[in-house]
Amino acid sequence: MAEYTLEDKYDLIKQEIVKNDSKNPITIIKDMMKKPFIGIHGSEHHFLDGAAFLTAFKNAGGEINLAQCLDELLKRTIKMPGAMCGHWGVCGSVTSMGAAFSIIHGTSPLSTDEYYKDNMRFTSAALKEMSEIGGARCCKRNAFLSLSLAAEFAKEKYGAETESDKIQCDFSPLNNQCLKESCPFYKP
C-alpha cells in the first residue's frame, strides 16, 4: 500500500473532487472515501469534508469559483491538527464546514453581518448533535452528520439546492471503534 503525506492527500483530493458533478455532498464524500489515499480516520477529512460541500454547492448552482475556494480551504485546514475531537473538543469536520461557509460568504474575523452569526450557529448546532452521539471518534460518522446538516442549513438559510438522501455507512467493518447501533448511520 502506498504511503501518502497529508499534503499528498490534499493534492489528490483537489484533483479528484472537481471531477464529481453530483449535487449531493454525501454522494461526493462517499465516492472520495473509497479512494486509497483516504484513511478510515485522519486529518485528510479536515479538508475533504468541506471540499465535498463546496463541490456540491457549486454543482447545485452556487456562484463560486471552486478552484479558488478549494485552494483557500486547503490553506485553512492544513493547519488543523489530527485528533481535534478528543484533544480540543471540536470536530475537524464541523470546522471544515465552518470554513467552507466562511469562504462562500467572504466572512472574516472582522465581519459584522449575518453570515458571521450563521457560521457560529451552524457549527454550534452541528457540535451539539455530535455531542449527543458521543465517541469514540469516527471521521465517517462526523462527516455524514456535518455534511447533512450543512446541506439542510444552506437550503434553509440561502436556498441552496444541494441534494440529500438517507445515509447508510459502508465503512463500519473497517472501523474498530464503530459505535454500531448507537450510530445513526450504521448499516448492520
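Predicted model: local features only at pLDDT ≥ 70, side-chain atom pairs only at ≥ 80, totals over all residues.
Helix α3 covers residues 44-59. The helix has 16 residues and reaches 22 Å from its first C-alpha to its last, close to the 22 Å expected at 1.5 Å a residue. Most of α3 is covered, with 14 of its 16 residues buried. Just after the helix, G61 adopts a positive phi of about 105°.

H45 belongs to α3. Its relative accessible area is 2%, so H45 is buried, the limit for that class being under 20%. The side chain of H45 makes a polar contact of 3.0 Å with the side chain of K140. Beyond its neighbours within four places in sequence, H45 is in contact with several residues, including M33, I38, G39 and I40. S96, C139 and K140 are also among its contacts.

Helix α8 spans residues 139-158. From its first C-alpha to its last, α8 reaches 27 Å over 20 residues, close to the 28 Å expected at 1.5 Å a residue. This helix is also mostly covered, with 15 of its 20 residues buried. G159 follows α8 and has a positive phi, near 70°.

Empty space was examined next. A probe the size of a water molecule, rolled over the atoms, shows where such space is left. The largest pocket has a volume of about 440 Å³. It is lined by 18 residues, and R76, T95, G98, A99 and S102 are the closest to its centre. Helices α5 (84-88), α6 (92-105) and α7 (114-133) each supply at least two residues of this lining. The largest share, 5 residues, comes from α6. By class, the lining of the largest pocket holds 10 nonpolar, 7 polar and 1 charged residues.

The second largest pocket holds about 240 Å³ of space. Its lining has 19 residues, of which H46, A83, M84, C85 and C139 are the closest to its centre. At least two lining residues come from each of α3, α5, α6 and α8. The lining of the second largest pocket divides into 7 nonpolar, 10 polar and 2 charged residues.

A search of the whole structure finds 1 cavity of 30 Å³ or more. The largest cavity contains about 90 Å³ of space. Among the residues that line it are C138, K140, R141, C169 and F171. The lining of this cavity also includes N175, Q177, C178 and Y186. Its residues divide into 7 nonpolar, 3 polar and 2 charged. K140, one of the lining residues of the cavity, is also the polar partner of H45.

Some backbone features remain. Most residues other than glycine have a negative phi, and most peptide bonds are trans. A83 has a positive phi of about 65° although it is not a glycine. The residue lies in the loop between α4 (66-77) and α5. With a relative accessible area of 41%, A83 is partly exposed, because this value falls between the 20% and 50% limits. A83 is also one of the residues closest to the centre of the second largest pocket.

K180, not a glycine, likewise has a positive phi, of about 55°. K180 is placed in the segment after α8. At 35% relative accessibility, K180 counts as partly exposed. The peptide bond from G135 to A136 is cis, with omega near 25°. A136 lies in the loop between α7 and α8.

Note on methods. Residues numbered from 1 in each chain as written. Heavy atoms only, no water. Helix = DSSP H or I, 4+ residues; strand = E, 2+ residues; numbered from the N terminus. Buried < 20%, exposed > 50% of the residue type's maximum accessible area, 1.4 Å probe, protein only. Polar contact = N/O pair within 3.5 Å; in protein donor to acceptor, adjacent residues only side chain to side chain. Contact = heavy atoms within 4.5 Å. 1 Å grid on protein atoms, 1.4 Å probe; cavity = no way out; pocket = protein on both sides within 12 Å on 5 of 7 lines; lining within 4 Å. Points joined across faces, edges and corners; volume = space filled by probe spheres on them. Nonpolar A, V, L, I, M, F, W, Y, C, P; charged D, E, K, R; others polar. Expected span 1.5 Å × (residues − 1).
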